[in-house]
Amino acid sequence: MKINIQENSFPEVFGIKNTHEFISAAEKLGQAKLEDLKLVPEQTSEISFALTFADKEEMRTVNLRYREVNAPTDVLSFPLWENEEGLFMPPEDWQELPLGDVLICPDVIISNAAENGKQPEEELALVIFHALLHLTGYDHDTEDRRKVMWEIQDELVGQLIKELKQ
């Protein structure tokens, strides 16, 4: 299985020298984790999601519309295969499986990175993996589910940052 992250123009604000390398490494790590977790049907050879960048006002508007929160946020995920119980239920027989859309706000990510003592690229990696997990049925609506989701995303972020430093 292969992951394809379809991103629009990658903002320079993250300070990433080689965005192709960053996205490629994130795709490979995400792919390996989804295979390990057996989240994607065996028939599927490629999954994809659209990654779009938005300014604070756009993000606030979308966050208000879909979550009724009148403030910008770092990332919003719009899964295609989530049933009414919030479970990931993709078609079993599709070779190419789009997962959904992800909206990211660089300004909020930069701010969060500074508040958390992280580099912007590390915070960006966190929201990309966070979104991927949401697109495949993970959530943080309970303490137990949050713990599982955070453990997976932190592992992936650590692996990505380590790989990019080599």
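**Figure 1. Five helices and four strands make up the protein.** This is a predicted model. From the N terminus on, the elements run β-α-β-α-β-β-α-α-α. The radius of gyration is 15 Å, close to the 15 Å that the globule rule gives for 166 residues, so the protein is as compact as a globular protein of that length. Along its principal axes, the C-alpha trace spans about 40 × 40 × 30 Å. Of the 166 residues, 44% are buried.

**Figure 2. The largest pocket holds about 520 Å³ of space.** Its lining is made of 21 residues. Look for D74, V75, H130, H134 and H140, which lie nearest the pocket centre. Helix α2 (56-67) supplies at least two lining residues, and so does strand β3 (75-79). Helices α4 (120-135) and α5 (143-165) each supply at least two as well. By class, the lining has eight nonpolar residues, six polar ones and seven charged ones.

**Figure 3. Y66 and F78 form an aromatic pair.** The protein has three aromatic pairs in total. In this one, the ring centres of Y66 and F78 are 5.0 Å apart. Y66 belongs to helix α2 and F78 to strand β3, so the contact ties together parts that are twelve residues apart in sequence.

**Figure 4. W81 meets W94 in an edge-to-face pair.** The two ring centres are 5.2 Å apart. The planes stand at 85 degrees, which is why the pair of W81 and W94 is called edge-to-face. Both tryptophans lie in the loop between β3 and β4 (96-104). W81 and W94 are 13 residues apart, and their pair links distant parts of the chain. W94 counts as partly exposed because its relative accessibility is 36%.

**Figure 5. R146 lies over the face of W150.** Here a charged side chain meets a ring. The distance from R146 to the ring centre of W150 is 5.4 Å.

**Figure 6. K38 has a positive phi.** The angle is near 55 degrees, and K38 is a residue other than glycine. Where does K38 lie? Its place is the loop between α1 (19-37) and β2 (46-53). K38 has a relative accessible area of 71%, so this residue is exposed.

**Figure 7. E68 also has a positive phi.** For E68 the value is near 60 degrees, again in a residue other than glycine. E68 sits in the loop between α2 and β3. How exposed is E68? Its relative accessible area is 70%, so E68 counts as exposed.

**Figure 8. E46 and P98 are 52 residues apart in sequence.** E46 is part of strand β2. With 24% relative accessibility, E46 counts as partly exposed.

Methods
Residues numbered from 1 in each chain as written. Predicted model: local features only at pLDDT ≥ 70, side-chain atom pairs only at ≥ 80, totals over all residues. Heavy atoms only, no water. 1 Å grid on protein atoms, 1.4 Å probe; cavity = no way out; pocket = protein on both sides within 12 Å on 5 of 7 lines; lining within 4 Å. Points joined across faces, edges and corners; volume = space filled by probe spheres on them. Nonpolar A, V, L, I, M, F, W, Y, C, P; charged D, E, K, R; others polar. Phe/Tyr/Trp six-rings, centres within 6.5 Å; stacked < 30°, edge-to-face > 60°. Buried < 20%, exposed > 50% of the residue type's maximum accessible area, 1.4 Å probe, protein only. Lys NZ or Arg CZ within 6 Å of the ring centre and 35° of its normal. Rg over C-alpha atoms; globule rule 2.2 N^0.38 Å.
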